[in-house]
Amino acid sequence: MTALIRAQDLSVSHAGTDLPVLRHVDFRIAPAEIVTVVGPNGSGKSTLVRALLGHLALDSGRVERAPGLRIGYVPQRVNIERAMPMTVRRFLSLPHRVSDADAKAVLDRTGVPGLQARQITQLSGGQLQRVLLARALLNDPQLLVLDEPTQGLDQPGIVAFYKLIEEVRAETGAAVLMVSHDLLVVMRASDRVMCLNGHVCCEGTPQAVSAAPAYRAMFGAESQGTLALYQHHHDHDHDHVAEGHVHGPDCAHTH
Ligand SMILES: Nc1ncnc2c1ncn2[C@@H]1O[C@H](COP(=O)(O)OP(=O)(O)OP(=O)(O)O)[C@@H](O)[C@H]1O
């Protein structure tokens, strides 16, 4: 099936960094697929998302988006202006006005009914994430992009949020691209996982990635729990990684 987004050989630099933050990254996501990008802090996950959305200039490579692609984007929670006085109802109408009926329906759907009159600043972390998701769902997206959607949530909150994401995918057929640090939960919820450290260290099914030496080296003890979830039937290689790329400090794979 045709990809919703396909990127080839992406390299991206930020002002003031010597080395490109992303180096020779290939990416694609198909309709209804759940893809998760994992990697250490500063490994370029948010940069990849922003490059795929067309928010950043590329050093090299290209990003192709399906014509007219509808994207629902939930940026990192830290980027939301929490100090600004605004009700949930008003927030849902930015930038496009929505009807009361649609606002009610989407809040019901995301498990936070009746919050219309509440100030954004007064929401709990879990409620805020669901309101952000609600807003992203309003334009009936073919692709949902979630950058660390469960930051600050406790474990039951994280599990419940990913369950909601899976339900939304099942109901709407939307593909989902997530950045996450919640290795255990996210691995179970994903069709495909990409392990990023400036370049793609490993990529594949959760089973394959959780057993990959690069992933294990990167996440250490935390990865052991993930490994226990899966049987060991891994056979990945790094053939898709461009020759001569530079390893990040936590990347231990060999060629
Ligand atoms: N606007 C910017 N200007 C300069 N450098 C930036 C900018 N945005 C990100 N960087 C740098 O690029 C690198 C990758 O950042 P990015 O936010 O993509 O990483 P990340 O994997 O999403 O990290 P985290 O897990 O901490 O959110 C970091 O070293 C960061 O400091």
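Which residue of β2 is the bridge partner of R6? R28 is that partner. The legends below treat a predicted model, in which local features need pLDDT of at least 70, side-chain atom pairs count only at pLDDT 80 or more, and totals for chains, interfaces and linings use all residues. Residue numbers start from 1 along each chain as its sequence is written.

**View 1. An open sheet of three strands, ordered β2-β1-β4.**
Pairing in this sheet is antiparallel. The edge strands, β2 (22–29) and β4 (60–65), each pair on one side only. Neighbouring strands are turned by 15° against each other on average, direction ignored. Strand β1 (residues 5–12) is joined to β2 by five bridges. Strands (E, at least two residues) and helices (H or I, at least four) are DSSP runs, numbered from the N terminus. Two strands pair if DSSP finds at least two bridges between them.

**View 2. Helix α1 across the sheet strands β1, β2 and β4.**
Helix α1 spans residues 45–52 and runs at about 60° to β2. Axes are lines fitted to C-alpha atoms, for helices over the stretch in contact; angles run from 0 to 180 degrees between N-to-C directions. Contact requires C-beta atoms, placed from the backbone, within 7 Å. Six of the eight α1 residues are buried, so the helix is largely enclosed by the rest of the structure. These are K45, T47, L48, V49, A51 and L52. Buried means 20 or more other C-beta atoms within 10 Å of the residue's own, with C-beta atoms placed from the backbone. G54 follows α1, with a positive phi near 85°.

**View 3. The shell of 13 residues around the ligand.**
The closest are H14, N41, K45, S46 and T47. A residue belongs here if its C-beta atom, placed from the backbone, lies within 6 Å of the molecule. The shell divides into 10 polar residues, two nonpolar and one charged. Asp, Glu, Lys and Arg count as charged; Ala, Val, Leu, Ile, Met, Phe, Trp, Tyr, Cys and Pro as nonpolar; the others, Gly among them, as polar.

**View 4. Helix α4 and its packing partners.**
Helix α4 has 13 residues and reaches 19 Å from first C-alpha to last, close to the 18 Å expected at 1.5 Å a residue. That expected span is 1.5 Å times one less than the number of residues. Because 10 of its 13 residues are buried, α4 is largely enclosed by the rest of the structure. Its buried residues pack against β5 (71–74), α2 (88–92), α3 (100–109), β6 (143–147) and α5 (155–172).

**View 5. L132 in helix α4 (residues 125–137).**
L132 is buried because 22 other C-beta atoms lie within 10 Å. P149 is 17 residues from L132 in sequence and 8.9 Å away in space, C-alpha to C-alpha.

Notes: Two residues are in contact if their C-beta atoms, placed from the backbone, lie within 7 Å. A residue is buried if 20 or more other C-beta atoms lie within 10 Å of its own, exposed if 12 or fewer, and partly exposed in between; C-beta atoms are placed from the backbone.
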